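Me: I would like to go through this model feature by feature. Please give the general idea each time, and then the case at hand.

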Amino acid sequence: MTTTMPSRPVGPRRRLCVWGGTTAVASGAGLLLGVLTNLAQGWLPGAWQQIANSGAVWSAVAFAAGALLSRQGPVSQAAVGGLGAEVGLVVGYYGYAEFGRDGAGDLFFPLVWLGMAGVAGPLLAVAGHWWRRGPDTRRRVTGPAALAGLFGMEGLAYAWNLHYATQAWACLAIFVLIPLLMARAHKERALTLGAAVVCASLAYVLIELPLQTVSA
């Protein structure tokens, strides 16, 4: 007869170390990607350079971090990882602009993007966690719909404000493909696409329009 010893609960110190390691890895990955996106602006042709500086693409990094961390811990840990990834992106991008190019210029826009990273990072990481581990349909639909909505928002900006037709169609294709490929069943695909339309509209009003005002 064997006796199974109960597993010891994870203590606060151990949990703090795990979360610290997660944040460090996510921040390091974000830092590297931030440098790469800055470099990509010199590699990509013409208006496609906008893609390297895309808020939707950057937010996809936080979404991916949340999805990956869903295997290791609770949604709160994913949110911290997403925050680290987005802050790392901003620091890497503007850090390379400052020390590897001609300088980042005024601190206003780096601070604006840092503020947005502090909001978008945790939210998109939670969305990624919900997509992988959401216990109900509402959360499994909301996760990818939030990500698709950001690409829909950028598609609207490319079409209406910048008049970049090719980039607008590319964002629209991603907007449609995310629900079709990431949802688990036909019903969830339809629900995700419908929710993504709402998310895109809200994101355009709440994010894109204020950014245009600030940039003017």
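Reply: Start with accessibility: a residue counts as buried under 20% relative accessible area, as exposed over 50%, and as partly exposed in between. L33, at 33% relative accessibility, is therefore partly exposed. Keep in mind that this is a predicted model.

Me: How much of the chain counts as buried, and what elements does the chain have?

Reply: Of its 216 residues, 36% count as buried. The chain has 8 helices and 0 strands. Read from the N terminus, the order is α-α-α-α-α-α-α-α.

Me: How do I read the packing of two helices?

Reply: Two packed helices are described by the angle between their axes and by the distance between those axes. Take helix α6 (residues 137-162) and helix α8 (residues 186-215): their axes come within 5 Å and cross at roughly 50°.

Me: What word describes the orientation of α6 and α8 to each other?

Reply: Angles under 35 degrees count as roughly parallel and 65 to 115 as roughly perpendicular, while over 145 is roughly antiparallel and the rest is oblique. α6 and α8 are therefore oblique to each other. Is the crossing right-handed or left-handed? α6 passes α8 in a right-handed crossing. The residues of this contact divide into 18 nonpolar, 6 polar and 3 charged.

Me: How do α5 and α6 pack?

Reply: Helix α5, residues 108-133, packs with α6 at an angle of about 135°, and their axes are 7 Å apart. That makes α5 oblique to α6. The crossing of α5 and α6 is left-handed.

Me: What should I look for in charged side chains?

Reply: Side chains of opposite charge can pair when their charged atoms come close. A search of the whole structure finds 2 salt bridges.

Me: Which residue forms a salt bridge with R139?

Reply: The side chain of D136 meets that of R139 in a salt bridge, at 2.7 Å from N to O. On accessibility, D136 has a relative accessible area of 24%, so D136 is partly exposed. R139 also has a relative accessible area of 24% and is therefore partly exposed.

Me: Which residue does R140 pair with?

Reply: R140 forms a salt bridge with E188, where the closest N and O atoms are 3.0 Å apart. This pair links distant parts of the chain, with R140 in helix α6 and E188 in helix α8, 48 residues apart.

Me: Is E188 buried or exposed?

Reply: E188 has 9% relative accessibility, so E188 counts as buried.

Me: What about disulfides?

Reply: A disulfide is a covalent bond between the sulfur atoms of two cysteines. This structure holds 0 disulfides. Two cysteines can still be read for accessibility. C171, at 3% relative accessibility, counts as buried, whereas C199 is partly exposed with a relative accessible area of 25%.

Me: Which residue has a positive phi although it is not a glycine?

Reply: That residue is H163, with a positive phi of about 60°. H163 is found in the loop between α6 and α7, the latter being residues 165-182.

Me: Is H163 buried or exposed?

Reply: The cut-off for exposed is over 50%. H163 has 62% relative accessibility and therefore counts as exposed.

How values were computed: Residues are numbered from 1 along each chain as its sequence is written. This is a predicted model: local features need pLDDT of at least 70, side-chain atom pairs count only at pLDDT 80 or more; totals for chains, interfaces and linings use all residues. Side-chain values use heavy atoms; hydrogens and water are left out. Axes are lines fitted to C-alpha atoms, for helices over the stretch in contact, and angles run from 0 to 180 degrees between N-to-C directions. Helices (H or I, at least four residues) and strands (E, at least two) are DSSP runs, numbered from the N terminus. A crossing is left-handed if the near helix is turned anticlockwise from the far one by less than a right angle, and right-handed if clockwise. Ala, Val, Leu, Ile, Met, Phe, Trp, Tyr, Cys and Pro count as nonpolar, Asp, Glu, Lys and Arg as charged, and the others, Gly among them, as polar. A salt bridge is a side-chain nitrogen of Lys or Arg within 4 Å of a carboxyl oxygen of Asp or Glu. Buried means under 20% relative accessible area, exposed over 50%, partly exposed in between (1.4 Å probe, protein chains only). A disulfide is a pair of cysteine sulfur atoms within 2.5 Å.
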